[in-house]
Amino acid sequence: MAGRAKAKLESVRASLGEGASGITLITADAADEKALHDMCVQSRVIISTVGPYALYGSTLVKVCVETGTDYVDLTGETQWILQMLQAHESQAKKSGARIVHCCGFDSVPSDLGVHHHQKTALEKFGEPATQIRMQVARMKGSASGGTVASIVNIAREMAKDSALRKTLANPYSLVPGGQARARQLNIKTPTRDPQTGAWLGPFVMAGVNTRIVHRTNALSGYDYGVDFLYDESMRMGRGLKGGLAASALTGGLGAFMAGAVLPPTRWLMENYILPKPGEGPSPEQQRDGMYDLRFYGTTASGNKLTTRVTGDRDPGYGSTAKILGEAGACLAQDIARSEVGGGFWTPATALGDALLARLEQHAGLTFEVCD
């Protein structure tokens, strides 16, 4: 285990019981490039939870790329991923470092959920879905301080940079070349779903999840189709109650982002309202959390398929911790370099079915077809 405070590392190791007494501890600060280098050269895979990554994570990615060390993280910061791609992708391909961002709740359930859906569609219909709409049917969890801090930092950067705002609005921003291929649906306001009859509202993680799914499609040679459509939303219920809930969600997210952009309100939010990085749900809340994601797909021939992904813990902490750990173990133990070489990958393109099997066996996730 590695971190900047030796005493905290020792405390965590002690809390794990006698079986963990032999775990080696490495002291390394995220800003100390030499210490990070010394850590990486004695490691096969680095699992980073440093966020906000745009503030604290760049040096570690640089060192991993330089030393050829594999790396996974749980970032959801699209603008930072793009920066890392532009700065280090060509060198990673040469050094053999396999960099896999977004290995937490964002974006593994979405990315592997689409991967599972398309694999099933090919088996059933002989063709992939040309459009998939993911809806969060149920979710129980509390805000993660690290995730909130990352969102606030993105809002801060967007307020200063109009070019960044344009980049983040592009659903193909993480696709090589960034070219628009098909006009993507983006749920920003209360919307009635014609298939389920439910009211839909915006899903806060859609901004990164959709970009990762489209990058997977591009890296896999457009197996989903060059004009593949994908969107994500929150299902808020039917009738008047569902419409009011969707409106309240839309208004709340809008107010949050507006407050995060303006310096005075951002200061108040960060100091008096929002959880700090490292803060989040209690162990009991993590165990009581869950999520149920539905994927509604349609093929070019009109065949329809519904699949779902479920998780048995709070999304931001309980489930993410298990997903991230399995992703790191999967990259270290299951994926040979001859199979996946150096470069910047998505969870589905780097880990695919091997990670899906691990998640079902060890992390409390299910991937299934709905009747």
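Hi everyone. Let me start with a definition: two strands count as paired here if DSSP finds at least two bridges between them. With that in hand, please look at the model, which is a predicted one.

By that rule, 7 strands form an open sheet, in the order 7-8-9-6-10-11-13, and the pairing is mixed. The edges are strand 7, residues 191–192, and strand 13, residues 365–369, each of which pairs on one side only. Inside the sheet, strand 6 (residues 129–140) runs parallel to strand 9 (residues 229–237), and 6 bridges join them.

Next, helix 5, residues 78–95, which holds Leu 85. Is Leu 85 buried or exposed? Leu 85 is buried, because its relative accessible area is 10% and the cut-off for buried is under 20%. Leaving aside residues up to four places away in sequence, Leu 85 touches Leu 174, Arg 215 and Phe 344.

Arg 215 brings us to the charges. In general, side chains of opposite charge can pair when their charged atoms come close. The count for this model comes to 17 salt bridges. One of them joins Arg 215 and Glu 89, at 3.4 Å from N to O. That pair links distant parts of the chain, as Arg 215 sits in helix 9 (residues 206–219) and Glu 89 in helix 5, 126 residues apart. Arg 215 is buried at 5% relative accessibility, while Glu 89 is partly exposed at 22%.

Which partners does Arg 358 meet in salt bridges? One is Glu 326, with the closest N and O atoms 2.8 Å apart. Glu 326 lies in helix 13 and Arg 358 in helix 15, so this pair ties together parts 32 residues apart in sequence. Both Glu 326 and Arg 358 are buried. Another partner is Asp 334, at 2.6 Å from N to O. Asp 334 comes from the loop between helix 13 and strand 12, so here the parts tied together are 24 residues apart in sequence. Asp 334 is partly exposed, with a relative accessible area of 34%.

Last stop, the surface: Met 1, Val 12, Leu 16 and Ile 23 make a nonpolar patch of about 310 Å². Thanks, everyone!

Note on methods: Residues are numbered from 1 along each chain as its sequence is written. This is a predicted model: local features need pLDDT of at least 70, side-chain atom pairs count only at pLDDT 80 or more; totals for chains, interfaces and linings use all residues. Side-chain values use heavy atoms; hydrogens and water are left out. Helices (H or I, at least four residues) and strands (E, at least two) are DSSP runs, numbered from the N terminus. Patches are made of residues with over 30% relative accessible area and no salt bridge: like charges are joined within 9 Å, nonpolar side chains (Val, Leu, Ile, Met, Phe, Trp, Tyr) within 5 Å. Accessible areas come from the Shrake-Rupley method with a 1.4 Å probe; for residues, only the protein chains shown count as cover. A salt bridge is a side-chain nitrogen of Lys or Arg within 4 Å of a carboxyl oxygen of Asp or Glu. Buried means under 20% relative accessible area, exposed over 50%, partly exposed in between (1.4 Å probe, protein chains only). Contact means heavy atoms within 4.5 Å.
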